[in-house]
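The tour goes from the inside of the fold to the chain interface.

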Amino acid sequence: MNELTNRYWPAVKYLLVPYLFLLFLLFYPIPYEIAAPGGLTEVDHLVEIQTVEQKVLSGSFSTTYVISIPRMTFFQFIIGTFSPFTDINKLQGPNLNYTNTEIIQIAYCDKATSVHAAIIVAYQAAQIDNPSVQFGLDERVLVFGKTAGMTNYDQVGLCDDFVSMQGDQGVVTNYLEVGANTTSGQTYTFTFRNSSGNEYFVDITKNAETNRFGLTFNRVYFVNKNQTFPTFTEVPNLVGGPSGGLLQAMHIYAQLIEGDLTKGLKIAGTGTISYNGSVGYIGGVKQKIITAYYNNVDLFFIPFLDANYIYDNYLEALRVCEEFGIDPTGWLIPVATFQQAIDYLESLGGQS
Amino acid sequence: MREYIQKIKRLKHEFGLVGILSALFGGFVFSTLLFLPILLILGSITTLYMHILGIMSSMIWLTFFLYVFVFFRLVKQAFLLKNPQSTVDYPYLFKVHVIITEIIVFILGVIYFVVLMPRIF
């Protein structure tokens, strides 16, 4: 060690300042977020359906993810500026108050609820032709957001279940009745359940100025595995967010019905899914189109809900295709509902 | 194998365990100082170019090959600086260690490309 230090110290001492400056550029986070092209994740790797005979599709369904870095480093800012595929924006909205860990937690929470929404939509659709398909539902109310000024902020976990609250007129279990059973400026005890199933209590004050507790709840439905046939397994994955809902539902549906819905095609797309099968808008259209293009997908499904809305995902995708010289003909498929996407695939010829 | 063990024994005899560990530690520190920013730069670029993840991963893989080579090169230099009149067969030991470690890096890379990359991303 000493010999090498003696040998290289003259050079090292001159490089020390630039070296530390480079590390500063590589590590120091700035309040900007960046969206960059990501990749495809085959839904096979996200949800496994345990059918009696394991079905093998000739093609594949993939969700499309983009890279979103809430607080990028100076170096990423510099590199991102030179890339035509990235979008850089100043961090704003709720994300400004959240730590990167909290943003990731919310993304995973979104992902989990979107997988269950996809299962519900797919199982409902498959039941029409296949009565053996069954599923039960559990209604849950999850913590989807916290505001910076709320009391005992760190004690409430994102994505934990709201169980009840000790209100003015007794115990409240319906989250919609929380407001009517509480008084501004007073403190109330909330009961939550964490992901391990343990309940915990947190005292939260209703802000006298805003007349709010600072919590955002979301009512969601999860599939009850004990009442579901065929059963399924969610495979842990690093990708978060709700934008894979449509493609997840299509893959699960393809597993449950007879025939091969993929027709041997590499199918990708994006779009959230609602319990009624309607498709919702997503962000990062430019990055998703570039990702799909680089991955040579055969079909790309994208939400198309309003032809008069300039930021409609499909219209935005057409502009991206024009900007980068990509021909969208026969490749970019606009859909508003899950059923439209299924109808499109069923209308295709080829192997089934 | 016998030749290798004999040469390692010769190395231990000349420098002792502390001397060998000191050379290895020096090689590790200086090669890491050199390659840490390179790997961090490549990692940062990769996060923004995930659509060409295969190419970026290959570059990181190649950097690891180079890192191993430089590490053993620095270890060898440390021994030579400790004792310029040493009779240890450094070229032989350097070659054997580099080849074995590069094979391990190669196998780890193949596992990443074939198993981990498709599952994680």
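Start in the largest nonpolar core of this predicted model. It has 41 residues. Select A:Phe61, A:Leu246, A:Met250, A:Phe301 and A:Phe338: these touch the most other members.

Now colour by element. β2 (47-49), α3 (100-129), α4 (245-256), β15 (299-303), β16 (332-335) and α7 (338-347) of chain A each give two or more residues to this core. The largest share, 10 residues, comes from α3(A).

Centre on A:Leu246. Leaving aside residues up to four places away in sequence, A:Leu246 touches A:Thr270, A:Gly271, A:Thr272, A:Ile273, A:Val279, A:Phe301, A:Val335, A:Phe338 and A:Ala341.

Next, move to another core, which lies apart from the largest one.

Now show both sides of the interface. Here 34 residues of chain A are in contact with 30 residues of chain B. About 2700 Å² is buried between the two chains, with carbon and sulfur atoms giving 70% of that area.

Look for polar links. Five residue pairs, both at pLDDT 80 or more, are in polar contact between chain A and chain B. The count of salt bridges between these chains is one. To see it, select A:Glu3 and B:Lys82; their closest N and O atoms are 3.3 Å apart.

Finally, select the side of chain A that touches chain B. α1 (2-27), β1 (32-42), β3 (60-69), α2 (74-82) and α5 (285-294) of chain A each supply at least two residues. The largest share, 11 residues, comes from α1(A). Colour this side by residue class: 23 nonpolar, nine polar and two charged.

Key. Residues are numbered from 1 along each chain as its sequence is written. Chains are lettered from A and ligands numbered from 1 in the order in which they are written. This is a predicted model: local features need pLDDT of at least 70, side-chain atom pairs count only at pLDDT 80 or more; totals for chains, interfaces and linings use all residues. Side-chain values use heavy atoms; hydrogens and water are left out. Contact means heavy atoms within 4.5 Å. Buried area is the accessible area (1.4 Å probe) that two parts lose on being put together, summed over both. A salt bridge is a side-chain nitrogen of Lys or Arg within 4 Å of a carboxyl oxygen of Asp or Glu. A polar contact is a pair of N or O atoms within 3.5 Å; within protein, one must be able to donate a hydrogen and the other to accept it, and residues adjacent in sequence count only if both atoms are side-chain atoms. Helices (H or I, at least four residues) and strands (E, at least two) are DSSP runs, numbered from the N terminus. Ala, Val, Leu, Ile, Met, Phe, Trp, Tyr, Cys and Pro count as nonpolar, Asp, Glu, Lys and Arg as charged, and the others, Gly among them, as polar. A nonpolar core is a set of buried Ala, Val, Leu, Ile, Met, Phe, Trp, Tyr and Cys residues joined through side-chain atoms within 4.5 Å. Buried means under 20% relative accessible area, exposed over 50%, partly exposed in between (1.4 Å probe, protein chains only).
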